[in-house]
Amino acid sequence: MNNKISALVLTSALACALAVPAFAAEVPVVPISSPVSAEEIAALPDSVLYYGTVKEIGRNADGTMTWLRMTSDRYGEYVMHLSADTVWIDSGEHTASDPTDLKEGERLYVFHSAAETRSLPPQSAAFAVVRNIPMDAGCAWYHEVESVALENGQLTITTDNGSLLISADEKTQLSCYEGEGAVSLKDIQAGDRVMAWYGAVTDSLPGQTHATSLMLLPEQNTAQERENRDTVTRGELAVMLYEQVGKPEVNSDGIYTDVDTDSYYFQAIRWVTSQGLMRGYGDGSFGPEDTLTREQLAVILWRYADSPMLMDYPGLTQYSDAGEISRFAQSAVAWAHQKGYISAEANGLLNPQGAATQKMVETVLYSLK
């Protein structure tokens, strides 16, 4: 399967024995901002190992976990971005895990994207979070299925850019992540994602191993598309900013005609108003439920960073829709583009009037911490 570097990163070979992390540390990680040849892209691993301790849990306005800040003596500090596609695995029980009881201080194995940001700490997309890890070589590994061959009751899965062959047969325990319906060997197809439990891998090339258990994971595309469509309202951004600074006491009124005192964003809107980060409309309203645009996000973050000015920045001239940037937002958008906070969308346009996505907002806010 051809591996592609995602535009996020703000969308792992996991070592389960004590000796494996040393091997995984040798896998090269390619930042998304680095020029990469076609050969290098093809050689990227399906995922990269991270083993560490949860230091902080990030949540959005409705309480949903969106990122984990983790620390590790071996790998340093990382931010792992969670999405609807991230799977949670109880390795010891061979089942899906409920992430709602996750606490700071828990140690996890995370399979994350081989693409990461150049920020400090680096940020990457988490594919699988593995909990309840036994201290042996039989724990769960995340794999993307490149091809399959089913012959005489034995399934052979090719993965890791052709470097690993995983066999399964009637002795292999099969399950589905969502726990619905029976799974057979023929249900596992190229393009699927699986969690595999196995022991030793041969020293041959490709390496070979036998799976004692396989879990079929849900498809990614639907969840990824849904996440990319998730937008942020003006009220939600106010809450994110307010929580990021520790919910300080607000002395200013900052009350608008459409912001009720019992709304969840009332205090946050008072604070962003008192700080001059966000302003209301001429009719006395704030528009807390209005969708946040990309250029509005740039302006608010620019103010949050003390309104830095750029001299003769040509970076926006490459976009045919640069003329659509509102006059009040031009300096802010130039700054945000120069910092890498705003870039072209898939169609090659800047789309300043388009909606800012949840992932975009969260990634930039963490970078500004």
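**Helices α6 and α8 pack at a crossing of roughly 15°.** In this predicted model, the axes of helix α6 (residues 294–304) and helix α8 (residues 358–367) come within 12 Å. Axes are lines fitted to C-alpha atoms over the stretch in contact, with angles from 0 to 180 degrees between N-to-C directions; helices are DSSP runs of H or I with at least four residues, numbered from the N terminus. Angles under 35 degrees count as roughly parallel, so α6 and α8 are roughly parallel to each other. Their crossing is right-handed, meaning that the near helix is turned clockwise from the far one by less than a right angle. R294, L297 and L301 of α6 meet M360, V361, V364 and L365 of α8, contact being heavy atoms within 4.5 Å.

**Y51 and Y109 form an aromatic pair.** Rings of Phe, Tyr and Trp (its six-membered ring) pair if their centres lie within 6.5 Å, and planes over 60 degrees apart count as edge-to-face. The count comes to 10 aromatic pairs. The ring centres of Y51 and Y109 are 4.4 Å apart and the planes stand at 75°, so this pair is edge-to-face. Y51 belongs to strand β2 (residues 48–59) and Y109 to strand β7 (residues 107–112), 58 residues apart; strands are DSSP runs of E with at least two residues.

**R234 and F286 bring a charge over a ring.** The charged end of R234 sits 4.5 Å from the ring centre of F286; the rule requires CZ of Arg or NZ of Lys within 6 Å of the centre and within 35 degrees of the ring normal.

Residues are numbered from 1 along each chain as its sequence is written, and side-chain values use heavy atoms, without hydrogens or water. Local features need pLDDT of at least 70 and side-chain atom pairs count only at pLDDT 80 or more, while totals for chains, interfaces and linings use all residues.

Methods
Phe/Tyr/Trp six-rings, centres within 6.5 Å; stacked < 30°, edge-to-face > 60°. Parallel < 35°, antiparallel > 145°, perpendicular 65-115°, else oblique.
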